[in-house]
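Here is a short briefing for someone meeting this structure for the first time. Keep the 3D view open and follow the topics in order.

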Amino acid sequence: MRVAIIGAGAGGLAAAYDLSRAGDEVVVFEAADQVGGLASGFKAEGWDWSVERFYHHWFATDRHILGLIDELGWRDRVRFPWPVTAVFDDGQFYPLDGPISRAIPGLPWLDELPGAGLISRGLWVFRFPGLSLADKLRYGWMGATLLMARSWMPFEGMTAHEWLQRHAGARAYRTLWEPLLVGKFGPHYRDVNMAWFWARVKARTPRLGTFEGGFQAFMDAFADRVRSQGVLVRLKTPVDQIRPSEDGGLDLAAPGGDIHVDQCLVTTSPALLAKLAPELPPDYLGRLLKLRSMGAVVLVLALNHRLSEAGYYWHNLPKAAGFPFLALVEHTNFLSPDLFGGEHIVYCGDYLDPDHEYFHLRQDELLDRFLPALPRFNRDFRPDWVRRSWLFRTPYAQPIPPVNHSRSIPDLRTPIRGLWLASMSQVYPWDRGTNFAVEVARQAARRMLSERMQA
Ligand SMILES: Cc1cc2nc3c(=O)[nH]c(=O)nc-3n(C[C@H](O)[C@H](O)[C@H](O)COP(=O)(O)OP(=O)(O)OC[C@H]3O[C@@H](n4cnc5c(N)ncnc54)[C@H](O)[C@@H]3O)c2cc1C
């Protein structure tokens with residue numbers, strides 16, 4: 001069987017790995033000049049490791065990607081440092097979570113349990129001066145309710161905004177949860193359903209992981225492995241169109257000429273699939289186009305000095321406090337600056353609608369907007385700390401799951417015979433990530449193989 005995969009991100013490579021092992025002749029088309037998709041990275045002069053274009057880490061519970069890494073025999077190349085998240089309240093930053101084992105020594109496995117993120121946050125919340133005892137007790141009750149619930153389904157019919165306000169109380173919601181929702185969904189944060197939030201706290205751990213050399217090192221090694229299994233990875237080759245052919249296969253138009261395949265798996269956004277395959281029936285096309293998502297804009301800075309002297313990795317920023325971006329992530333408070341030639345790497349990131357002005361402003365204009373906020377993280381910050389900077393933007397970064405979203409997710413198998421879709425928008429209720437890109441793409445590959453057996 002000849003199979004095409006569109007996209008050499010985590011999902012596309014995982015499907016290529018499985019299908020080529022099953023004996024298929026696989027060709028992967030990738031528009032960019034490198035593999036890795038949204039999880040790809042870059043290595044500036046003087047760095048030993050690459051830095052992800054968009055901040056990335058794994059959770060200790062990410063069993064699909066970590067399981068794949070086990071299969072590949074590379075588990076010894078995964079590192080799990082202990083970063084700390086901070087919350088901004090009343091003009092200052094407070095640590096909000098970190099290793100549970102730092103609070104309860106001698107039990108390191110606690111940090112790897114599902115729901116450990118919420119428990120860890122609870123331990124720190126109890127010391128947080130910005131909440132009353134009643135708020136803290138409510139946190140405990142709310143956390144227990146979420147962690148004990150075995151299914152996301154009862155939560156799908158209401159928004160996280162409503163549920164959290166009711167269960168956490170107004171003050172705790174405003175301080176702890178609203179910034180998280182706003183940071184992720186911007187103006188759409190009130191639309192997100194509670195099942196997404198349940199899944200998020202259930203799956204997350206305070207222990208965060210990465211691959212030796214950075215995510216790009218993993219993606220490059222993975223691409224080399226699939227190539228060694230006979231897969232052809234064609235970089236800088238964007239597919240322009242997919243049409244059903246008369247013999248029941250598919251014709252793909254791409255630079256260098258059309259190719260004919262028996263099956264094709266698309267791993268791009270659903271909106272792009274709708275453009276590539278306009279012959280999809282109106283009902284399925286309508287489903288693709290109804291899915292909502294946000295883009296992301298991230299400015300990466302290489303500084304002479306550490307920004308957060310307290311060593312915070314992730315800063316959640318409440319919109320009301322007037323920050324020009326919604327998350328500040330100091331990568332070198334997660335990994336040592338020694339890996340980056342002594343430079344301190346900071347991301348200023350925002351999730352936005354793709355028509356937001358940040359998608360059009362030049363890099364120097366964004367620097368002018370963003371740098372004045374940095375003294376709020378370190379009073380001594382001066383613009384001449386910035387040695388160099390990079391700007392990355394993507395229109396498709398974060399799907400928005402509204403109330404009762406499960407009813408609107410398009411099936412992985414499209415109505416065109418042989419054409420499949422495995423995208424971030426079909427990951428649910430879990431928050432999208434490389435872990436779930438691998439899961440959904442491997443699920444598509446399994447179904448593609450079994451479709452043939454039934455034919
Ligand atoms: C700001 C941000 C932070 C994130 N943080 C994390 C994190 O901490 N941990 C984590 O695990 N995940 C994180 N993610 C999510 C993660 O990056 C994605 O879930 C995952 O990479 C998706 O993989 P994919 O293979 O499904 O799609 P993608 O990575 O989007 O791959 C699709 C590929 O298709 C290619 N393509 C597009 N059009 C065409 C065409 N016409 N022809 C050929 N190729 C085409 C693209 O170039 C791309 O390489 C983050 C994402 C963002 C944006």
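Leaving aside neighbours within four places in sequence, A15 touches I5, L265, A422, A441, R442, A444 and A445. The model is predicted.

**Two domains**

- The protein is divided into two domains.
- Domain 1 takes in 2–74 + 213–291 + 409–454, and domain 2 takes in 83–206 + 292–403.
- Their C-alpha centres lie 28 Å apart.
- Domain 1 puts 24 residues into the contact, and domain 2 puts in 35 residues.
- On the side of domain 1 that touches domain 2, 15 residues are nonpolar, five are polar and four are charged.

**The largest nonpolar core**

- The largest nonpolar core has 140 residues.
- Within this core, L13, A15, A16 and C264 touch the most other members.
- Strand 15, residues 292–303, is the top contributor, giving nine residues.
- Domain 1 and domain 2 each supply at least three residues to this core.

**Strand 15 and its partners**

- Eleven of the twelve residues of strand 15 are buried, so the rest of the structure largely encloses this strand.
- Strand 15 pairs with strand 19 (residues 386–400) in the antiparallel sense, over eleven bridges.
- In that pairing, L303 stands opposite V386 of strand 19.
- Strand 15 also pairs with strand 18 (residues 344–352), again in the antiparallel sense. This pairing has nine bridges.
- Across to strand 18, V300 has Y347 as its bridge partner, and A302 stands opposite I345.

- Strands of a sheet pair through backbone hydrogen bonds, either parallel or antiparallel.
- Here, seven strands form an open sheet with mixed pairing, in the order 8-7-16-17-18-15-19.
- Strand 8 (92–97) and strand 19 are the edge strands, and each pairs on one side only.
- From one strand to the next, the twist averages 25°.
- Helix 12, residues 363–370, packs on the sheet and touches strand 15, strand 18 and strand 19.
- The direction of helix 12 makes about 95° with that of strand 19.

- L96 has its place in strand 8.
- Is L96 buried or exposed? L96 is buried, because 24 other C-beta atoms lie within 10 Å.
- Apart from neighbours within four places in sequence, L96 is in contact with T85, A86, V87, R121 and W124.
- G157 is 61 residues from L96 in sequence. In space, the two are 29 Å apart, C-alpha to C-alpha.

- Another open sheet has three strands in the order 5-9-6, with antiparallel pairing.
- Strand 5 (58–59) and strand 6 (78–79) stand at the edges. Each has a single partner strand, so one side of each has no neighbour in the sheet.
- Strand 6 and strand 9 (residues 208–211) run antiparallel and are joined by two bridges.
- R79 stands opposite T210 in strand 9.

**Helix 8**

- Helix 8 spans residues 194–203 and is mostly covered, with seven of its ten residues buried.
- Which residues of helix 8 are buried? They are M194, A195, W196, F197, W198, A199 and A203.
- The cover over these buried residues includes strand 5, helix 5 (133–148) and helix 6 (160–168).

**G248, in a loop**

- G248 is found in the loop between strand 11 (241–244) and strand 12 (250–253).
- G248 is exposed, because 10 other C-beta atoms lie within 10 Å, and a residue counts as exposed at 12 or fewer.
- G248 and D262 are 14 residues apart in sequence. Their C-alpha atoms are 7.6 Å apart in space.

Key:
Residues numbered from 1 in each chain as written. Predicted model: local features only at pLDDT ≥ 70, side-chain atom pairs only at ≥ 80, totals over all residues. Core = buried A, V, L, I, M, F, W, Y, C linked by C-beta atoms within 7 Å. Buried ≥ 20, exposed ≤ 12 C-beta atoms within 10 Å, placed from the backbone. Helix = DSSP H or I, 4+ residues; strand = E, 2+ residues; numbered from the N terminus. Domains from an automatic or database assignment. Contact = placed C-beta atoms within 7 Å. Pairing = 2+ DSSP bridges. Axes fitted to C-alpha atoms, helices over the stretch in contact; angles between N-to-C directions. Nonpolar A, V, L, I, M, F, W, Y, C, P; charged D, E, K, R; others polar.
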